[in-house]
Amino acid sequence: MIADRFPWLTAIVLLPLIASLLIPVLPDKDGKRVRWYALGVGIADFALMCYAFWKHYDVNSASFQLVENYAWMPQLGLNWAVSVDGLSVPLVLLAGFVTTLSIFSAWQVDHRPRLFYFLMLVLYSAQVGVFVAKDLLLFFIMWEVELIPVYLLVCIWGGQKRRYAATKFLLYTAAASIFILVAALAMALYGGGNMTFDITALGMKEYPLGLQLLLYAGLLIAFGVKLAVFPMHTWLPDAHGEASSPVSMILAGVLLKMGGYGLIRLNLEMLPDAHIYFAPVLAILGVVNIIYGALNSFAQTNMKRRLAYSSISHMGFVLLGIASFTDLGINGAMLQMISHGLIASVLFFLAGVTYDRTHTMLMKDMGGIGQAMPKVFALFTIGAMASLALPGMSGFVGELSVFLGVTTSDVYSSTFCTVTVFLAAVGVILTPIYLLSMLRQVFYGKGAALVCDINNASLENQEDEGTVCFGTDCLLPTESAYRDASPREVFIAACFLVLIIGIGFYPKVAMQMYDVKTVAVNAQVRQSYSIISQSNPHIYAKGLFVPTVAKSEVAPVLGVVK
C-alpha cells in the first residue's frame, strides 16, 4: 500500500522547515496572516505525527519502526536515516504539542512577526529531527540547528538582558555539543571497516571499557548541559528570565528533554558497561539537582527564575530514574520528562499571561491580583498543584515511579537507597513551599495597584529601541485595568491541564508508548552489570556502594538476562 511506503517521518521533520521558507513571500501587512499560517502548519504537522503513530507504530515492539534511510553524503558516511521507537515517539508528540501551542500563545507579537514565526517553524523541525534521527551525525546536525533559532528568539524578543542570556545559552550548549561530534566520530571510526554513523550498527560494536568510559563522560557533559545538571545549569535561569513566554515554553517543555533523551538513547543503550560505573554519579547528581534547585527556587523573587530553578529540581528525578537499574525507575524517568514538559509549559505560559497584565516578573510588585483575574488564578493554581506532585496529576505518578524504582533497586546497598530517597524527599517537601509561596505573593495580599502603569521612563531603561512585549497593553496608554484570561488563553492552558490530569488518573496512556522499550534497555544494562560484577564483585564497594547481585541474574558473558 502507498501508506506503508510513504516517508512519514521525513514529512513530519521537513514540513515545518519547508513551510517556513514561504513566510518571506506570504502577503501580509500586520502579521495576522503569518500567525494563522504558522499555527496551521503546526497543527498540520502535529496531526500528521498523530496519524502516523496511530496507524503505523506498534507499542509492543522495542525495535526501530517507520525506518527511512536515504544516502545523503556517502563519502562521509552520512545518511538521512530516521526512525522511531518507544523512547522517541512520546517526545516527538510532546515537541509537536508544546511547539504548536507556543505558536498560538505568541498571538500578539507585533515586532518582526515574519522572522519570529519563521524561527518558530525552523525550531519545530529541528527538535523533532533530534528525536527521530537514527544516524548519529544527523542527530548532531539537528542538535546544532536547533540552537540558532533559540538564540535569535531570545536575543531579539527577550528582556533587558536578552543578549547576555542568549549568548550564554549558545556558548554553553554549542561548546558542550562538541562532545557529541567527537563521540560520533570515535564510535564510527573504531574497529575499521566501512564508516557508519547508524545508531543500530554503532550499538552492536564491542568497545573497550576505557573507550566507553571516555565516551560516556563526554556525552554526559553534552547532555548534562542541556538537561541543566548541576553545575552545568547556570544558563537556564538566565535564558528563562529573559526569554518571552512562548520561547520559555519550548525551552522547558522540549529542549530540556533532549538531554534526558540523549542520556537514555546513547549513554544507557549504547554504552551499558560504562553506565555501570557512572550510575552512582548520576544518582548523586540527581539528588543534588533536586535539593539545589528547590532551595534556589525558594530564594528567587522573579517568577520566571523561580520556575526555572524548579525545572532544574525536577530534572533531578530524571537522573535518579536513569540511574536506578530498575524497569520502574527508567519508566518513571520517561514519564517525568513527559509530565514536566506539560507542567512547565503551562506554568511559563501563565507566567507570561500574568506579565502581560502587570508588566513585571517581580512577585513583590504583584499581590492581590487574584480577585481581579480569577481565571488566571485558578489555572495557575492547578498548574502549581501538578508541579508539586499532587495525587491525581501526572507529576505525582512520575515522581512516585522514580522513588519506587530507586527504593526497590537491588544493585545499590540499602543504605545508599535510603539516603538517596530521603534526600530526594527533602526536595519534594520544599517544592510545595516555594510554589505555594509564589501563589500567595502573586495572587493574595497587597501589592501593585490594580492598574497597569507603563510610562516612557520605564521604557528608557531597556537596552535599545524596539523592545517589545507579547501583551496588548505594553505600548498603549499609561492606565488600563487588569483583564482576566481571554478565551484563547484559557483554551491553551486547558489543553495542557487536560493531559496533565488525564495522565495522572490513567498513566497507561503515556506509559504504553515506551514501556516495552525501557524494559529492553534496562535488561541490557542489567546484563552488563551481571557480567561486570562477576569479574569485579566489589565494583561499588567503596562507601555506600555495595552490590547485591541476585543469583538468578548471574549469566555467562554471551547469555541472556532472565
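**Reading helix packing**

Analyst: In this predicted model, α11 and α13 are roughly parallel to each other, because the angle between them falls under the 35 degrees that counts as roughly parallel.

User: What angle and what distance between axes describe the packing of α11 and α13?

Analyst: Two packed helices are described by the angle between their axes and the distance between the axes. Here α11 and α13 pack at about 15°, their axes lying 11 Å apart, and the crossing of α11 past α13 is right-handed. On the α11 side the contact is made by S245, S248, A252, L256, K257, G260, L263, I264 and L268, and on the α13 side by K304, S311, M315, V318, L319 and I322. Sorted by class, these residues of the contact of α11 with α13 are nine nonpolar, four polar and two charged.

User: Which residues meet where α14 packs against α15, and how do the two helices run, roughly parallel or roughly antiparallel?

Analyst: The general idea for contact positions is that an α-helix has 3.6 residues a turn, so residues three or four places apart point the same way. In this structure I343, L347, L350, A351, V353 and T354 of α14 meet V376, L379, F380, G383, A384, A386 and S387 of α15. The residues of this contact of α14 with α15 comprise ten nonpolar and three polar, with no charged ones. The axes of α14 and α15, the latter spanning residues 374–387, come within 9 Å and cross at roughly 150°, and the two helices are therefore roughly antiparallel to each other. The crossing of α14 and α15 is left-handed.

User: How many helices and strands does the protein chain have, and what share of its residues is buried?

Analyst: The protein chain has 20 helices and two strands, and buried residues make up 59% of its 562 residues. Among contacts between residues at least 6 apart in sequence, 81% join residues at least 24 apart. The protein chain exposes about 21,500 Å², of which carbon and sulfur atoms supply 68%.

Key
Residues numbered from 1 in each chain as written. Predicted model: local features only at pLDDT ≥ 70, side-chain atom pairs only at ≥ 80, totals over all residues. Heavy atoms only, no water. Axes fitted to C-alpha atoms, helices over the stretch in contact; angles between N-to-C directions. Helix = DSSP H or I, 4+ residues; strand = E, 2+ residues; numbered from the N terminus. Parallel < 35°, antiparallel > 145°, perpendicular 65-115°, else oblique. Left-handed = near helix turned anticlockwise from the far one by under 90°. Contact = heavy atoms within 4.5 Å. Nonpolar A, V, L, I, M, F, W, Y, C, P; charged D, E, K, R; others polar. Buried < 20%, exposed > 50% of the residue type's maximum accessible area, 1.4 Å probe, protein only. Areas by Shrake-Rupley, 256 points an atom, 1.4 Å probe, with all protein chains shown as cover.
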